[in-house]
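Hi everyone, thanks for making time. Could you bring up the sequence and the structure on your screens before I start?

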Amino acid sequence: MILVYKVSPNIKEKVIEYYKDLQRPNKPPYSVFQAEEADTIITLYESGKLMFQGKNADIDANMWFDLEYSFNKRDVRHELDIKEKEKARKQDDITNDKFKNISTIGSDEVGTGDYFGPIVVTASFVDIKKKTWLTEIGVKDSKRLTDEKIREIAPQLIKEIPHCTFILKAEDYNKNMIFNMNKVKAILHNKVLVNLLKTKYDYKVIVMDQFVYREKYYEHIKNMSEKVDKIFFTTKAESKCLSVAVSSIISRYIFLLEMDKLSKKYNREILKGAGENVDDLGAELVKEYGIEILDKIAKINFKNTDKIRIKAKI
């Protein structure tokens, strides 16, 4: 962990006095001193910047943040929070521009937060030549589109955009007994990317929403016989990259069709999400079809299962 802030002049002298017996013999260029306390390295630069490095950096810095507020009514924590948000915004702007004028492959999933129904993952190749058409028909992050709009444009995407979709039905999800959702997602993303890339496409980058850190993602798929690497992970990828947006829409559309099938089979609307209304529906289904129904149409490791058992008095 690294924390840096510009220390106030009246606190600067206190910092120098406090660390005078902990200073290292050698100091970095342009620094007043560098000290070491426990597992934290503290460096005061001539510019007035005070840097804390180490696993307990936040704890050591907090003492000075409190003094800043006590002597100067200065909320350093708030200042740092604003800087972090600005840094993230600038990074988002850079990332947004990164995919604007290149052909990409992107993947996205739907259903991981829904108690009922499958998990659907899609990978798509979007040629930059399709950009204008995709914009005209309204392609954007599927979370910002109504189900009606998705039902309208997804069939066009399925027809025109090269893609690969995989549906993991709830019954198979339960049988696999892999209940680490990030691992499930990583395995399924890798699966659709491997299959899509069996055809060669002229793309510049593969983009995926950063649902887990890069190192952990590759750890999740390390035992797969075929793996796709060199993936660019970014937050809010659906709103930054057309191929991810396309994949999110196709995945959502397929998910809606699967939920339609379940609704028709059980003569009632099978609800999305994992709220209390889902628990009520689950209890109704259990009373009518038995507890085994959940193994077939629900992700039984969700907390909803216990709540449904209570509601159904099982």
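A word on the ground rules. This is a predicted model, so to speak of local features we need pLDDT of at least 70, and side-chain atom pairs count only at pLDDT 80 or more, while totals for chains, interfaces and linings use all residues. Residues are numbered from 1 along each chain as its sequence is written, and side-chain values use heavy atoms, with hydrogens and water left out.

Let's begin with the cores. By nonpolar core I mean a set of buried Ala, Val, Leu, Ile, Met, Phe, Trp, Tyr and Cys residues joined through side-chain atoms within 4.5 Å. Buried is under 20% relative accessible area, exposed is over 50%, and partly exposed is in between, with a 1.4 Å probe and protein chains only. The largest nonpolar core has 64 residues, and Phe116, Leu157 and Tyr217 have the most contacts inside it. The biggest contribution to this core, 10 residues, comes from helix 10, residues 242-265. Helices here are DSSP runs of H or I with at least four residues, strands are runs of E with at least two, and both are numbered from the N terminus.

Which residues does Leu157 touch? Taking contact as heavy atoms within 4.5 Å, and not counting residues up to four places away in sequence, Leu157 touches Trp133, Leu134, Ile137, Val139, Val246, Ile249 and Ile250. There is also a second, separate core of 17 residues, including Val7, Val15, Phe52 and Leu80.

Leaving aside neighbours within four places in sequence, the contacts of Phe255 include Phe116, Pro118 and Lys272. Arg252 is in helix 10 too; at 18% relative accessibility, Arg252 counts as buried. With the residues up to four places away in sequence not counted, Arg252 touches Val110, Ser142, Asp147, Ile150 and Lys272.

Now for a helix pair. Helix 1 (residues 9-18) and helix 2 (residues 57-72) pack at about 145 degrees with axes 10 Å apart; the axes are lines fitted to C-alpha atoms, for helices over the stretch in contact, and angles run from 0 to 180 degrees between N-to-C directions. Among the residues that meet are Ile11, Val15 and Tyr18 from helix 1, and Trp64, Leu67 and Phe71 from helix 2.

Which residues of helix 13 are buried? In this helix, residues 304-311, they are Asn304, Thr305 and Ile308. Seen down the helix axis, they fall within an arc of 100 degrees, so they line one face; the arc is that of the directions from the axis to the C-beta atoms. That buried set packs against helix 11 (276-289) and helix 12 (292-297), while Asp306 and Ile310 are exposed on the other side.

Last, some backbone angles. Most residues other than glycine have a negative phi. Ala38, in the loop between strand 2 (31-37) and strand 3 (40-45), has a positive phi near 55 degrees, and Ala38 is exposed at 66% relative accessible area. Lys73 also has a positive phi, near 55 degrees, and sits in the loop between helix 2 and helix 3 (76-98). Happy to take questions!
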